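Subject: Structure handover

Dear colleague,

Here is the structure for your files. My notes on it follow below.

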Amino acid sequence: MAHLCKRLVSRSKQLYVVPSKLSLAAAYSSAHGAATKEDAAPSPPPELPPFHFSPSPYTGPSADEILQKRRRYMNPGIILYYKKHINLVQGKMQYLYDEKGKRYLDAFAGIVTVSCGHCHPEVVDAIIKQTRLLQHTTTIYLNEAVTEFAEALAQKLPGNLKVVYFVNSGGEANDMALMMARLYTGNYDVIALRNAYHGLSAATMGLNGQGIYKHGIPQGFGIHHAQNPNPYRGCYGSDASKYAADVTDLIETSTSGRLAGFFAETFQGVGGAVELAPGYLPLVYETVRKAGGVCIADEVQTAFGRLGSHYWGFETQGVIPDIVTMAKGLGNGLPVAAVVTTPEIASVLSHALHFNTFGGNPVCSAGGHAVLRVLEKEQRQQHCAEVGTYLLQRLHNLKDKHDIIGDVRGRGLMIGVELVRDRQTKEPARAETADLHEKLKDLGVLVGKGGMYGNVFRIKPPMCFNKEDADFLVEAMDYTMCKI
Ligand code: PMP
């Protein structure tokens, strides 16, 4: 593909773009005849920042043996990321180790889940302490660990969002929010966004706005998808009022006029780190409330300070939702999620008997509570702001060098790099993204891949990821991109 590799000089960990329009390859070409892109690649390959930790020797089965067993005994629908699979056996903070002791920089955090860092000692200690005392009670009994966690979580939310319902996963949290919205309003119709992702249960699959996450079964009853306010690819660019008008239109044309609710991630995750057009949520929340609906913010990926500028994603748009769902980073890897809402909305569940076997499990609660404490103590929100700003700047510089980068976007440590074949047509560089993704892994960096066309690198590492890691990540991207 026509891909210009401009010359970058790495000096004192900063990248300086040499103003010449000539690529290094072209410069070589005129001086020495035909040159390949490899000539322009920084060499030798970048190395991971030093880290003083020795992983335990691994004596288990090999990646190939595990793969065979997985193919035989596990559902084939569950995707695997790489062509040459990796068997991860140990983790420490922002790093992972495979069966051979090779270290990887984890820039995806197990799908935006490891918030404090892999095996963070304070989280591990809290889990062990509670596990030794009492592992499980269930919600029909009292237990201090669970209510302490609920109180700590409720204190993190603004306004009247003070009642917590614990569940086990993000999808389950959204299921519950959907039911609460319908019970509370007595209405049925729901609006969600195209390109959204909210889970894979039968109900949440209907909320998803990406065909690749849908099965051809009856699903999505009463759910209508609005135009996505995606500033890079959306049909109205960054014009929030036009996207908001589309919601009004959808209510008029496709619903009874009375809504149960409106679902949105405030920063689409699986959809490729898409920040909704500024000013969109205030307009739409007003319209939805006028139509009798409640506003649900899916904070499964965006919560707990990852965005740097704010603790919750919805705060970036200056709104307060009626229901907030969260998961992933809340447990640093423990299966814990929550639906937080107002006392009025929460009370609708009292109309029938309700319990949840694991929701609010003491071990998950003790671990989750420790996560909130650690993020606060280590000032991770501020850290995400600092490191994220630095990384974004470096990625913007990389965009100046590689035409394949169509868009660099994000906040804090929630970053997307969208790859295109042509910056004008924005044709997604799907195959190139897959190829680079694999090469990055071989160099020792794990990044996420997503977006409707699988052409967005999703950079959402554990929140302890630092500037040296950012340098390595950018240099690894540069190195691989010079070779395509
Ligand atoms: N909402 C969002 C925004 C998500 O990113 C995800 C998972 N990627 C979910 C919900 C579903 O979470 P889970 O996989 O825990 O069910």
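Is Glu-275 buried, partly exposed or exposed? At 23% relative accessibility, Glu-275 counts as partly exposed (buried is under 20% relative accessible area, exposed over 50%, partly exposed in between, with a 1.4 Å probe and protein chains only).

This is a predicted model, in which local features need pLDDT of at least 70 and side-chain atom pairs count only at pLDDT 80 or more, while totals for chains, interfaces and linings use all residues. Residues are numbered from 1 along each chain as its sequence is written, and side-chain values use heavy atoms, with hydrogens and water left out.

Confidence

The protein chain has an average pLDDT (the predictor's confidence in each residue, from 0 to 100) of 92, and 91% of the residues score at least 70. Over residues 6-39 pLDDT stays under 50, and there the model has 52 contacts beyond four places in sequence (a contact means heavy atoms within 4.5 Å). Where pLDDT is low, the predicted coordinates should not be read in detail.

Salt bridges

The whole structure holds 19 salt bridges (a side-chain nitrogen of Lys or Arg within 4 Å of a carboxyl oxygen of Asp or Glu). Glu-275 pairs with Arg-411 at 2.7 Å, N to O. This pair links distant parts of the chain, with Glu-275 in strand E11 (residues 274-275) and Arg-411 in strand E15 (residues 405-411), 136 residues apart. Strands (E, at least two residues) and helices (H or I, at least four) are DSSP runs, numbered from the N terminus. Arg-411 is also partly exposed, at 23%.

Arg-289 and Asp-322 form a salt bridge at 3.2 Å, N to O. Arg-289 sits in helix H10 (residues 280-290) and Asp-322 in the loop between strand E12 (294-298) and strand E13 (323-326), so the pair ties together parts that are 33 residues apart in sequence. Arg-289 is partly exposed at 36%, whereas Asp-322 is buried at 15%.

A network of salt bridges links Arg-233, Asp-407, Arg-409 and Glu-418. Within it, the closest N and O atoms of Asp-407 and Arg-409 are 2.8 Å apart. Asp-407 is buried at 15% relative accessible area, and Arg-409 is buried at 12%.

Cysteines

The count of disulfides (cysteine sulfur atoms within 2.5 Å) is zero. For Cys-364, the nearest cysteine sulfur is that of Cys-116, 14 Å away. Cys-364 is buried at 9%, while Cys-235 is partly exposed at 47%.

Regards
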